[in-house]
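The structure is shown first.

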Amino acid sequence: MNSKIKSLIDSVYGNSFLTHQEMRLFSDIEKAKSRIIERRKMNWDQQDVVLITYADQFRSEGKKSLPIFTHFYNRWLKDSFSHVHLLPFYPWSSDDGFSVVDYHQVEPASGDWQDIANLKRSSKLMFDFVCNHMSAKSEWFARYLRQEPGFENFFIAIDPDTDLSAVTRPRALPLLSPFTLSDASVRHLWTTFSDDQIDLNFAEPEVLIAMVNVLLHYLEQGADYVRLDAVGFMWKVPGTSCIHLPQTHALIKLFRAIAEEVAPGTVIITETNVPHKDNIAYFGNGHDEAQMVYQFSLPPLVLHAMHSANVETLCRWAQSLALPSTDTTWFNFLASHDGVGLNPLRGILPEEDILQLVEKLQQQGALVNWKNNPDGSRSPYEINVTYMDALSPKASSDDDRIARFVLAHAVLLSFPGVPAIYIQSILGSRNDYAGVENAGYNRAINRQKYDLDEIETAMSQAGSLRQRVYHRLSQLITLRREHPAFHPNAKAEFTAINRSVLQITRTAENNQRITCLFNFSDQPQSLSQKYNSVRELISDCNITEGELNLAPWQVMWIDSK
């Protein structure tokens, strides 16, 4: 029996976790450990670049979507990415997969576990562990409503008169939703995100055992990275904010300890779209919680720098970044299936500046989601837009649009940590307003699905926006993967050369040094730095002695060996 795991269980549950429950849990852990033969990669490096995608991203009549995706990946993306983050590919009822009906199955329209194994031959995999809530259409919830023994406490029933005003709300929807049980009684259940997403009651030991079995199943099916979705909300205590509670942190430590026991090298990643200081708390002491946390402040800060032509806030924030140990790193991204979160800006930018950014993006066609605050006011929490359209005015030429887009992704690829690129970004996608109208929610603006033949034709069209973006981003990714200076743990120094030019200097253990320069303005920039016989990697040209000149939105990666 693993003493660390037992100690963590005792710290959360005390005497409420019974001996027979503990024996079942440890038996499940030992069985999973005996079945996992494949060894994970033990350390990250500059080769690690993650693609974020839906399993049903591409379609072809009469075929399952997972084999189609694997075909597309092998043809277009395999040489650029080391990992594929498959967004929830389980049977689901809403929220594009994040309302899970059955954690242990693959959505039949996408394929089956053998199709996951086939993709695993081409790429390491990242799975979503949707641990906070599950679908109201699930069998677990049906058994709760039927009041079956063992399921009485699987979900959280609350007296609707309870004062829950202190609870942090991520969405402007009711916190409690009424449901009728088989005896005709009505219970108000905790629903953080929607009335189709019922929060699990982790205070009940049987829920922990069931969810650990989900985690073990994912490890057995080959998950190298495991993303803990909306994990900050996992434990509830009325009268508190019900986010980031000590029990939540203890459960993350428990998940990590179990993963390390059965599949060493597995990376636990926490997804907490919250202010930066709360986000980084999920590193724990640097050795016991998440190995990676989502770098939620990066996407809106890059947008702010682009729209203000001012890198000073971005630079100042980057200079403040510190990791608690070499066992941790950042999970960096710009675009995702969700929108661009604004809460991570709070505490970094004044609220007035955040609202100005929101207004500017709305004028250019972005949509906005709002949240309710404890004082009864509302504030924007998320901008819904493709990152392509977020960066550029509507009237921009394709040349300018691509230059801004490449600049932003070069920043992403230059940052310390492991970069993740959303499928819509490397496809060069624009806002999908028809998708919003059809789906009825704002996030659909950046969740377009494609017919395989149509998207491959568009990707092959010489001079098209999609083809140009694909080739430019693929080139940048390839360059990053070739150079140890971009190792996630390599030293990083940030400097604002002037108001509009950011410099990131990366230095590897072998002393390779790459100076990354970014012009965030529409004006040429002449820099006083002198270089003598060095190589600019992106253009593959030598720089002789003299001043550097950056064109509008130009990036340079200078190899100063």
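The sections below cover the model, its domains, their interface and one arginine.

## Model and numbering

The model is predicted: local features need pLDDT of at least 70, side-chain atom pairs count only at pLDDT 80 or more, and totals for chains, interfaces and linings use all residues. Residues are numbered from 1 along each chain as its sequence is written, and side-chain values use heavy atoms, without hydrogens and water.

## Domains and their interface

An automatic or database assignment sets the domain bounds. The protein chain has domain 1 (38-137 + 199-367 + 380-486) and domain 2 (491-560). Their centres, taken over C-alpha atoms, are 28 Å apart. Domain 1 puts 31 residues into the contact and domain 2 puts in 28 residues, where contact means heavy atoms within 4.5 Å.

About 2,600 Å² is buried between the two domains, 71% of it from carbon and sulfur atoms; this is the accessible area (1.4 Å probe) that both parts lose on being put together, summed over both. V311, L407 and A485 lose the most area in domain 1, together 23% of what that side buries.

## The arginine R346

R346 sits in the loop between β13 (340-341) and α11 (351-363); helices (H or I, at least four residues) and strands (E, at least two) are DSSP runs numbered from the N terminus. R346 counts as buried because its relative accessibility is 19%, the limit being under 20% (1.4 Å probe, protein chains only).

Leaving out residues up to four places away in sequence, R346 touches P275, E351, I354, K371, S379 and P380.

Terms used:
Buried < 20%, exposed > 50% of the residue type's maximum accessible area, 1.4 Å probe, protein only.
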